[in-house]
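User: I have a model open and would like to talk it through. Could you take my questions as they come?
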Amino acid sequence: MRYRLERPFHEQHVTVMRQHKDAWLRAYDQALEQISKSACQEPAAVSISHLRLSRAVEACLRHSGIRTLTDILNMTEDEFLNKRYLGKHTLRAIQDLLTCLGLSFKSSDKRE
């Protein structure tokens with residue numbers, strides 16, 4: 001008995017998948033834009049699960065007790081790093097996110 005190897009997708013399938021991919025990406029960008037706008041206006045309302053973070057970073061934030069964007073904004077960078085489960089990688093990811101949103105950590109009052 002001979003088995004016939006077929007291409008996994010026909011050209012029609014590829015075309016349909018591309019169309020759906022583009023529609024999904026547009027919807028994702030629109031949702032991200034809405035989250036960004038709401039984060040600037042009402043940071044308390046934005047859960048960390050709605051932010052565009054990696055699973056590892058989100059898990060670290062959850063384990064350290066950080067649930068909302070306001071929790072992050074009410075900390076200095078030093079306070080953030082002193083929390084359990086949070087390190088330099090997580091700090092960099094959060095700094096990038098805050099920069100994209102036009103926000104920043106609470107400034108430390110120390111003057112050196």
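User: Is S108 buried, exposed or partly exposed, and what is its relative accessible area?

Analyst: S108 is partly exposed, because its relative accessible area is 42%; buried means under 20% relative accessible area and exposed over 50%, with partly exposed in between (1.4 Å probe, protein chains only). S108 is found in the segment after α5. The model is predicted: local features need pLDDT of at least 70, side-chain atom pairs count only at pLDDT 80 or more, and totals for chains, interfaces and linings use all residues. Residues are numbered from 1 along each chain as its sequence is written, and side-chain values use heavy atoms, with hydrogens and water left out.

User: How far is S108 from T76 in sequence and in space?

Analyst: S108 and T76 are 32 residues apart in sequence, with 5.8 Å between them in space, C-alpha to C-alpha.

User: And A31, where does that sit?

Analyst: A31 lies in helix α1, residues 11–41. Helices (H or I, at least four residues) and strands (E, at least two) are DSSP runs, numbered from the N terminus. A31 is partly exposed, with a relative accessible area of 35%. From A31 to H50 there are 9.8 Å in space, C-alpha to C-alpha, at 19 residues apart in sequence.

User: How many helices and strands are there in the chain?

Analyst: The protein chain has five helices and zero strands. Of its 112 residues, 22% count as buried.

User: Let us turn to α5. What span should it have, and how far apart are its ends?

Analyst: The 14 residues of α5 should span 20 Å at 1.5 Å a residue, and its end C-alpha atoms are 20 Å apart, which agrees. The expected span is 1.5 Å times one less than the number of residues in the helix.

User: Which residues of α5 are buried?

Analyst: T90, L91, I94, L97, L98 and L101 are the buried residues of α5. They are on the same side of α5 because they cover an arc of only 130° around the axis; the arc is that of the directions from the helix axis to the C-beta atoms. On the other side of α5, K88, H89, T99 and C100 are exposed. G102 follows α5 and has a positive phi, near 75°.

User: Which residues have the most contacts inside the largest nonpolar core?

Analyst: They are L61, I66, L69, I72, F80 and I94, in a core of 19 residues. A nonpolar core is a set of buried Ala, Val, Leu, Ile, Met, Phe, Trp, Tyr and Cys residues joined through side-chain atoms within 4.5 Å. The elements that give two or more residues to this core are α2, α3 and α5, and α5 gives the most, with five residues.

User: What does F80 touch?

Analyst: Not counting residues up to four places away in sequence, F80 touches L61, I66, M75, L86, T90, L91, I94 and F105. Contact here means heavy atoms within 4.5 Å.

User: Now α2. Which of its residues are buried?

Analyst: In α2, residues 55–63, the buried ones are V57, E58 and L61. Their arc around the axis is only 100°, which puts them on the same side of α2. R55 and H63 are exposed on the other side of α2. The buried residues of α2 pack against α3 (69–73), α4 (77–82) and α5 (88–101).
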